[in-house]
Amino acid sequence: MFSKDYSFLEEVHTCPHCQKKMECCDAPQFHVGDGLGWGSDVLFICLNDDCPLFVKGWDRIEQQYGHSASYRYMELPGSKESNLMMVGNEMAFKGSIVDPEALKKQNVRYQKEIEATKALDSCLENNDLGPVMTLILDEGADKVQRKKAIQLLLQLNNLKCIDPIRNHSFKDSSIEQEVNMVISQLLQNNFSKECPFCCEIIKSQANKCMHCKTDL
Ligand SMILES: [Zn+2]
Ligand SMILES: [Zn+2]
């Protein structure tokens with residue numbers, strides 16, 4: 001939904017018309033003027049109803065175009081360039097103000113994904129399950145990297161991966177399928193299986209589960 005550059009979270013934009021702090025809003029998908037995107041997922045917009053630009057805009061547009069609309073002052077992230085957005089009513093954009101705290105949380109998630117993706121290439125030599133698990137269990141992570149991580153489970157050959165995976169609910173069924181296949185293979189490679197009663201990992205030859213003592 002959002003671009004993966006969150007540097008705009010640190011930006012403060014002030015409207016030059018009213019000196020009020022501008023709101024960070026989701027960008028509409030298309031630039032109404034020329035049919036192109038804004039090149040940004042968010043826009044900073046002055047939503048102050050007393051902003052002189054907005055107050056005077058109604059008359060100006062009425063006279064110029066003969067319809068009822070006004071302007072909101074807008075700046076793109078990383079830019080102080082002046083832009084005007086035409087709006088038909090006071091409420092426009094007020095429903096699309098983004099919550100910076102929610103975005104910061106997404107940003108934390110994204111930074112973890114980046115680190116784990118970078119560590120993926122060296123996880124075999126470091127015998128490190130960490131980055132592989134981070135990606136597999138991160139529903140927001142890149143699907144290609146998640147699938148790569150799933151395949152690495154076999155080479156890492158560490159049965160500790162099974163518990164957290166079993167406790168996770170996957171949103172993507174193709175990821176879930178691959179994970180299940182790899183886990184079966186991993187268990188087979190280790191002459192192990194999951195007890196059908198308590199789900200603990202036991203020897204594939206076992207007749208009785210050593211954890212729940214059920215006869216198999
Ligand atoms: Zn303003
Ligand atoms: Zn058992």
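Student: Isoleucine 201: buried, exposed or partly exposed?
Tutor: Isoleucine 201 is partly exposed. This is a predicted model, by the way. Isoleucine 201 has 17 other C-beta atoms within 10 Å.

Student: Why does 17 give that label?
Tutor: Because buried takes 20 or more such atoms, and exposed means 12 or fewer. The count for isoleucine 201 is 17, so the residue is partly exposed.

Student: OK. Which element holds isoleucine 201?
Tutor: Strand β6. That strand covers residues 201-203.

Student: What does isoleucine 201 touch, leaving out residues up to four places away in sequence?
Tutor: Leu159, Ile162, Ser192 and Glu194.

Student: Switching topic. How many helices and strands are in the chain?
Tutor: Six helices and six strands.

Student: In what order do they run?
Tutor: From the N terminus, the order is β-β-α-β-β-α-α-α-α-α-β-β.

Student: What about the overall size? What box do the C-alpha atoms fill?
Tutor: Roughly 85 × 35 × 30 Å, along the principal axes.

Student: How does the radius of gyration compare with a compact globule?
Tutor: The chain has 27 Å. A compact globule of 216 residues would be near 17 Å.

Student: What share of the residues is buried?
Tutor: Buried residues make up 19% of the 216.

Note on methods:
Residues are numbered from 1 along each chain as its sequence is written. Chains are lettered from A and ligands numbered from 1 in the order in which they are written. This is a predicted model: local features need pLDDT of at least 70, side-chain atom pairs count only at pLDDT 80 or more; totals for chains, interfaces and linings use all residues. Helices (H or I, at least four residues) and strands (E, at least two) are DSSP runs, numbered from the N terminus. Two residues are in contact if their C-beta atoms, placed from the backbone, lie within 7 Å. The radius of gyration is taken over C-alpha atoms; the globule rule is 2.2 Å times the number of residues to the power 0.38.
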